[in-house]
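Thanks for passing this one along. Here are my notes, in numbered points, to read beside the structure.

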Amino acid sequence: MLFRRFTLELDLTIILTSIANTMIVLLVSCLFIFIIEGTLEKEKLRDQVIQLSREYFSEAEKLQQMMDAAPLSIILLDGQRCIMAINDTFLQLYRNEHQWATRDELLKQKIDTALVGFETDVIIPQLEDALKGESKSSIVLHNGNKMYITSTSPIKKGYTNEVIGGVIILQDITEVETLRKELNHVERLGLVGQMAAGITHEIRNPMSVVRGFLQLMKEKSPPSLDHYYRIVMEELDRANSIINDFLALAQNRVVNMERCSLHDIIQELTPLLWADANLRGQSIIVSLDEMVPSLYLNTKEIKQLILNLARNGMEAMQEKGQLILETRHTGTGVELTVKDNGNGIPAVLKENLFEPFYTTKANGTGLGLALCLSIMERHGGSITVESEEGMGTEFIVFFPISEGYIVNANA
């Protein structure tokens, strides 16, 4: 009986021990599963954080690239007026106005420091208004010889509309303002030119009458006075020629052009140029490229251009001088060169050659080359000069051509 009781107690102990062990195993398993799930959750969260970080830096990089691509100076600020981001345009502006600096050196600085030299007493109040949530505002600033227009705007959270910072945009309008002033100046000059053209046009009428009466007086005067009449009429003709040149330069007219041969124009003028050269004891060489195509030209204006350049070259040479007229097909256009072997033009004078009323001649009017430049501008071409003292002068006239031109070997 006692033995049976002992056996039952032993079996009960074993059962309880087994149950306890089982419970412990279950608890450990649950704890292990909990730890694994927690680890997996943390790993998942970590991956999400990494992904969000990558997306954040990717968007931040895109924003920086967009800012750097803008031609305006952009500064992003936090609520304490500290710089959070800048673009390359502002960085270059800062380097031009101050010393060499990196982007990182400017970040976190107060805007007052970064804009030293600008009218900060105007910008800061404007920024303060923006940080209070006021709408965009713009003002004009001066910094030395530079002019800027600056705009400030608040930066707000999209869902709360809370102001978290501000943005300042600086735009350099120095060139625009300069062009505006020059345009106003040109308009005034144009008005003056129109008035002067009208006045000179009216002057020619009484001059024609004076010349007519001089011719009548010459016929009724003794031959001993012919020399004086000739001088007066030559001066009247010279004055009339100056008026014609001035009118041609002042009038901004549209010329009619037609397809014609540049060589035909040159060959038509050659006898007149040879006669002028012979009187001066000079010679002329004409070299024409057979591959030059026909061009759209105004024959009258091109004749005037060639005569002006050729006579300028003759006047620059002494006796026995040689003038060369040459054409050349360049592929993209046609070059006409007029070259003399005179004394050349000093370098300090070349820059002003095409300005109206600027001349290096004792009796020159300064309108010839200005008129030549005006003619080439109307033809869509250009005229340049190459000269060296003691080596002569070469004027290069360029006529552009399009792909639609057909080369005419007989031109």
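**Notes on the predicted model**

1. Let me start with one side chain: Arg311 is partly exposed, because its relative accessibility is 32%. Arg311 meets Asp276 in a salt bridge, with 3.5 Å from N to O. The two partners are 35 residues apart, with Asp276 in helix α8 and Arg311 in helix α9, so distant parts of the chain are linked.

2. Lys303 and Glu268 form a salt bridge whose closest N and O atoms are 2.7 Å apart. Lys303 belongs to helix α9 (residues 299–316) and Glu268 to helix α8 (residues 262–280), so this pair ties together parts that are 35 residues apart in sequence. With a relative accessibility of 21%, Lys303 counts as partly exposed.

3. How many salt bridges does the structure hold? The count is six. One of them joins Arg81 and Glu128, with 2.3 Å between the closest N and O atoms. This pair also links distant parts of the chain, 47 residues apart: Arg81 sits in the loop between β1 (73–78) and β2 (83–86), and Glu128 in helix α5 (residues 120–131). Glu128 is partly exposed, at 26% relative accessibility.

4. The protein chain has a mean pLDDT of 76, and 80% of its residues reach 70 or more. Residues 403–411 have a pLDDT below 50, yet in the model this stretch makes 17 contacts beyond near neighbours in sequence. Please keep both values in view when you look at that stretch.

5. Now the overall picture. The secondary structure of the protein chain comprises 11 helices and 12 strands. Of its 411 residues, 32% are buried. Among contacts with a separation of 6 or more, 62% are between residues 24 or more positions apart. The accessible surface is about 26,200 Å², and carbon and sulfur atoms hold 58% of that area.

6. On to the sheet: in what order do the strands of the five-stranded open sheet run? The order is β7-β9-β10-β12-β11, with mixed pairing. The edges are β7 (283–287) and β11 (382–388); each has a single partner strand, so one side of each is left without a neighbour in the sheet. On average, and with direction ignored, neighbouring strands of this sheet are turned by 15 degrees against each other.

7. β11 pairs with strand β12 (residues 392–400) in the antiparallel sense, over seven bridges. Within that pairing, Val397 in β12 is the bridge partner of Ile383.

8. Is Thr337 buried or exposed? Thr337 counts as buried, because its relative accessibility is 8%. Apart from neighbours within four places in sequence, Thr337 contacts Ile324, Leu325, Glu326, Glu394, Phe395 and Ile396.

9. Helix α11 (residues 368–378) deserves a look too: eight of its 11 residues are buried, so the helix is largely enclosed by the rest of the structure. Among these buried residues are Leu369, Leu371, Ile375 and Met376, and also Arg378. After α11 comes Gly380, with a positive phi near 75 degrees.

10. My last stop is Asn87, in the loop between β2 and α2 (88–97). Its relative accessible area is 0%, so Asn87 is buried. Which residues does Asn87 contact, leaving aside neighbours within four places in sequence? They are Gln64, Met67, Asp68, Ala70, Leu72, Ser73, Ile74 and Arg103. For one of these, Ala70, the C-alpha atom is 8.1 Å from that of Asn87, and the two residues are 17 apart along the chain.

Definitions and conventions. Residues are numbered from 1 along each chain as its sequence is written. Side-chain values use heavy atoms; hydrogens and water are left out. A salt bridge is a side-chain nitrogen of Lys or Arg within 4 Å of a carboxyl oxygen of Asp or Glu. Helices (H or I, at least four residues) and strands (E, at least two) are DSSP runs, numbered from the N terminus. Buried means under 20% relative accessible area, exposed over 50%, partly exposed in between (1.4 Å probe, protein chains only). Two strands pair if DSSP finds at least two bridges between them. Axes are lines fitted to C-alpha atoms, for helices over the stretch in contact, and angles run from 0 to 180 degrees between N-to-C directions. pLDDT is the predictor's confidence in each residue, from 0 to 100. Contact means heavy atoms within 4.5 Å. Accessible areas come from the Shrake-Rupley method with a 1.4 Å probe; for residues, only the protein chains shown count as cover.
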